[in-house]
Amino acid sequence: MKAMLLNRITDLSVDREPLTMASVPDPLPARNEILVQVSACGVCHTELDEIEGRTPPPRLPVIPGHQVVGTVVERGKGAGLFQTGDRVGIGWIHSSCGTCGFCRRSLENLCPGFEATGRDVDGGYATLMTVPERFAYRIPSAFSDSEAAPLLCAGAIGYRSLRLAGIEDGERLGLTGFGASAHLVLKMARHKYPNTDVFVFARGEKERSFARDLGAVWTGDMEDAAPAKLHAIIDTTPVYKPVVEALKNLESGGRIIINAIRKESVDRDYLLNLEYPTHLWMEKEIKSVANVARRDISEFLELAAQVPIRPEYQEFPLKDANRALMELKERKIRGAKVLRMDDP
Ligand SMILES: [Zn+2]
Ligand SMILES: [Zn+2]
């Protein structure tokens, strides 16, 4: 099969072609696994974190990619959840042990044996990939392959962050940062909690006006005070200042959900501004979102078809994966970026 391989951890500001196209042996589905002919794979910021070493793959080379849509072409021994020809999606969670306390409580995202697609095992920047069938999901017919791919990561993790926010309809929700993931959260919050007012903190006026267009009742800058205290705030920024500033906007007993795989260290000193009475007293909570569980992906896909949530996307042939990654790095964002395998 054809695949784009990551061979080295590197600095993308000087090394603009971290992946190389290669012909590698077709993977074989092991017990309870399926072999998937990949048609589309989304390109995610987490790939930049892997390539630049912020969340490095344990072994190299590895095939990146964790927003995969394709067709089942073969079933390993014991696999019976799908037929050959079924369309499936694969997300960031590739597998977990299935027996630990976390797995037994549907918290397989926290399993010590958690393996990430495209980091710990080969992912979808390839024409074929294998996955344990329990970690593949049916894609609602409302979506094309390229529309579905970006939903599998930002959408599903956004869904988990909204669930962890634990609000009830009518409680006030804040969002700090307003990129791809936050705008999906705003759309799903408006659908799931129609009486909830959403407040958006973003640096740029363009993002703020986009948030108002999508139904935010108030927008402001990161250090602004919201006109009311908020029951929960979801942070999707890569830095610390928005978290500290958000704590002062929280209602008593409220919580901040940090939806970021890593925080950059540029403004770590900002944490020294934390004052216990203002920012933490009155049972305020800070919680992170780690990975994604299976139910987040399957529930989110259903919800996305109902709303509906249709991501804008831009397609690239597989061989142009480096260009897609660099455009993401340089924030040339025109919707989500999706690799197509039709003509690798
Ligand atoms: Zn991702
Ligand atoms: Zn486990």
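# Briefing: loops, buried serines and crossing helices

Asn 291 lies in the loop between strand E15 and helix H8; helices (H or I, at least four residues) and strands (E, at least two) are DSSP runs, numbered from the N terminus. This is a predicted model, with local features needing pLDDT of at least 70, side-chain atom pairs pLDDT 80 or more, and totals for chains, interfaces and linings using all residues, while side-chain values use heavy atoms, without hydrogens or water. Residues are numbered from 1 along each chain as written, with chains lettered from A and ligands numbered from 1 in written order. Welcome, and here is a short tour.

**Residues with positive phi**

- Asn 291 is a residue other than glycine, yet its phi is positive, near 60 degrees.
- With a relative accessibility of 19%, Asn 291 counts as buried (buried is under 20% relative accessible area, exposed over 50%, partly exposed in between, for a 1.4 Å probe and protein chains only).
- Met 282, also not a glycine, has a positive phi of about 75 degrees.
- Met 282 sits in the loop between helix H7 (276–280) and strand E15 (285–288).
- The relative accessibility of Met 282 is 42%, so Met 282 counts as partly exposed.

**Cis peptide bonds**

- Leu 60 and Pro 61 are joined by a cis peptide bond, with omega about -5 degrees.
- You can find Pro 61 in the loop between helix H1 (45–51) and strand E4 (68–75).
- Another cis peptide bond runs from Val 307 to Pro 308, where omega is near -15 degrees.
- Pro 308 belongs to the loop between H8 and strand E16 (313–317).
- For background, most residues other than glycine have a negative phi, and most peptide bonds are trans.

- Ser 95 is part of strand E6, and counts as buried at 10% relative accessibility.
- Setting aside residues up to four places away in sequence, Ser 95 touches Gly 113, Phe 114, Glu 115, Pro 132 and Phe 135 (contact means heavy atoms within 4.5 Å).
- Ser 95 and Ala 293 are 198 residues apart in sequence, while their C-alpha atoms are 9.9 Å apart in space.
- Ser 96 is in the loop between strand E6 (93–95) and helix H2 (101–104).
- Ser 96 is buried too, with a relative accessible area of 13%.
- Apart from its neighbours within four places in sequence, Ser 96 is in contact with Cys 103, Glu 108, Cys 111, Gly 113, Phe 114 and Phe 135.

**Helices packed on H8**

- Helix H3 (residues 145–165) packs with H8 at an angle of about 100 degrees, and their axes are 8 Å apart (axes are lines fitted to C-alpha atoms, for helices over the stretch in contact; angles run from 0 to 180 degrees between N-to-C directions).
- That angle makes H3 roughly perpendicular to H8 (65 to 115 degrees).
- On the H3 side, the residues that meet H8 are Leu 151, Leu 152, Gly 155, Ala 156, Tyr 159, Arg 160 and Arg 163.
- Their partners in H8 are Arg 295, Asp 296, Ile 297, Glu 299, Phe 300, Leu 301, Leu 303 and Ala 304.
- Helix H4 (residues 180–192) packs with H8 at an angle of about 75 degrees, with the axes 11 Å apart.
- H4 and H8 are therefore roughly perpendicular to each other.
- Met 188, His 191 and Lys 192 of H4 make this contact with Phe 300, Leu 303 and Gln 306 of H8.

Conventions:
Parallel < 35°, antiparallel > 145°, perpendicular 65-115°, else oblique.
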